[in-house]
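Hi everyone, thanks for coming. Let's get the structure up on the screen and walk through a few spots together.

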Amino acid sequence: MSIPAELRDAAYRWIADDIDEATKAELQQVLARALGGDPAARDDLADRMAGPLKFGTAGLRGPVRAGPNGMNRAVVVRTTAGVASWLQANGHGGGLVVVGRDARRGSEAFAADAAGVLAAAGFDVRLLSRPLPTPVLAFAVRHLGAVAGIQITASHNPAPDNGYKLYDASGAQIIPPADTEIEAAIAEVSSAHAVPRATTYQTLADDVVEAYLEQVAQVPRLSARDIRIAVTALHGVGAQTAAEAFRRAGFTDVHFTQDTPDPDFGGMTFPNPEEPGACDELLALARRIDADIAIAFDPDADRCAVGVPDGSADGGWRMLSGDETGGLLGEHVLATEPTTEGVLVATTIVSSSLLKSIAAAHGAQYTETLTGFKWLARAGDNLVFAYEEALGLCVDPAAVRDKDGISAALMVAGLAAARKAAGSSLLEGLDELARRHGVHLTQQISIRLGSPAQAAERVARLRAEPPATLAGTPAELDDLRPRTDGIRLLADGLRVVVRPSGTEPKLKAYLQVVQPVPADDQLAASRREAERKMSALRADVRQLLGA
């Protein structure tokens, strides 16, 4: 079976314009196999040419491969030319732009290409000298007064992927309409070969890393430091920076595993602390060294997961959910603020409602945003804490207007050390929150699909035919459009939010059960009832989603 002429011609045009000989040869080989009748090659070619990549929840992400629907040097050059045009159109021509990268395949070349395009366009470009955590780049934008920042990273995506994350002058990730304006500017770039590149950019010394470390070392709000910590970087770029941050903050009993950057992530399919099994090596280390807490960073260290002893007789451990950590740190931040009058805490529409109750108890302001830190970072100038259930925590918004796993880890360590000194623990902290605010139990169902379009189709079907009940309780539909393509199902003490993922071809459902605790001695019974309701709710939602 022959391939369509328009697909063949599009591939020829891309090959002719590719600036990299390796990816040019790669696409030539795929095209040759497709022309020879190989059906797998034909499908591969169609997928590669189905681009261009779109700015999603956290910028561009895609597999490192030839073609417009992948991450490669030609895509990075064209994208950066569009970004340069957009910056110039918005009055930022000639401004300072910071470019950083992680240690994934292609990251070094992609960062150099981005810096080169911006330098040729007349910008004052500062390239971070080595692979560094994304929060360092976000910090650098504000610290240096840059008009933009670019981080080459795919965060916690699978090893074959890479990405392009863009920050504006506020130090936060871009939001609409900037994304569509940039995509339109990229579409105007006629040829990657025609985009000038220069080597006049400046490679930064470690001064900005020093400034970041000095800033995050001040994050812990209490003085206790007697705690043993197990840490994994999941073979990403967080270990070196995190180790120095812990040292400067006064934590000396810190033990790392999976600390060497590896683009294969040690063979992990999904190097994401949320994924089952991703933290097994971390928890094995924690048991072996008799740690007090365990910390997991994702590969670019903008997320932080926390593990704790589960109190069982056999010395077991468990990872806290993002909502549990968010509740603990939200309470901690507000309890240690000099005054909570006028301060703001924020989370997203899919996160637990516990933070809302905590804020009310402290007399603080509270708001919910759409999913993604590009929205949370803009919640308000008086923001003191923000989190999202997907392990994103912002504990120092004045310095890093984005999620920052390293500063969050330091705050968690300080809180855990203080509780240890008082004969308590993080789990006891969760018990205290439940007694005051009720049991807030959350879970997530994630269904991996063939394409983002399939996820959107399932949301549309559920919007058209919502369930009458959830876990036996009458339910109502709250359509989240036009704010976002999602729905919220509400029942008595129950909530379900369903939305397509903004970074992967997944359908996600976020489940919550809120169960009051009538008296302190009824916490265990209330937890059991919440778990019973969650089990029934989960079964209903899985059936609804066809999971």
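Which side chain does the side chain of Ser407 make a polar contact with? Have a look while I remind you that this is a predicted model. Okay, the partner is the side chain of Asp404, at 3.1 Å.

So where are we in the chain? Ser407 sits in helix H14, which runs over residues 405–421. Its relative accessible area is 2%, and buried means under 20%, so Ser407 counts as buried. If you leave out residues up to four places away in sequence, Ser407 touches Tyr212, Val216, Val219 and Val395.

Stay with H14 for a moment. The largest nonpolar core in this model has 72 residues, and H14 gives the largest share of that core, eleven residues. Among the core residues with the most contacts inside it are Ile229, Phe246 and Phe251. Click on Phe246: its contacts include Ile229, Val231 and Phe251, plus Ala409, Leu410 and Ala413, again skipping residues up to four places away in sequence. There's also a second, separate core of 30 residues, with Val99, Ala114, Ile150 and Ile152 among them.

Now let's jump to helix H4, residues 73–89. H4 is mostly covered, with 13 of its 17 residues buried.

How values were computed. Residues are numbered from 1 along each chain as its sequence is written. This is a predicted model: local features need pLDDT of at least 70, side-chain atom pairs count only at pLDDT 80 or more; totals for chains, interfaces and linings use all residues. Side-chain values use heavy atoms; hydrogens and water are left out. Helices (H or I, at least four residues) and strands (E, at least two) are DSSP runs, numbered from the N terminus. The expected span of a helix is 1.5 Å times one less than its number of residues. Buried means under 20% relative accessible area, exposed over 50%, partly exposed in between (1.4 Å probe, protein chains only). A polar contact is a pair of N or O atoms within 3.5 Å; within protein, one must be able to donate a hydrogen and the other to accept it, and residues adjacent in sequence count only if both atoms are side-chain atoms. Contact means heavy atoms within 4.5 Å. A nonpolar core is a set of buried Ala, Val, Leu, Ile, Met, Phe, Trp, Tyr and Cys residues joined through side-chain atoms within 4.5 Å.
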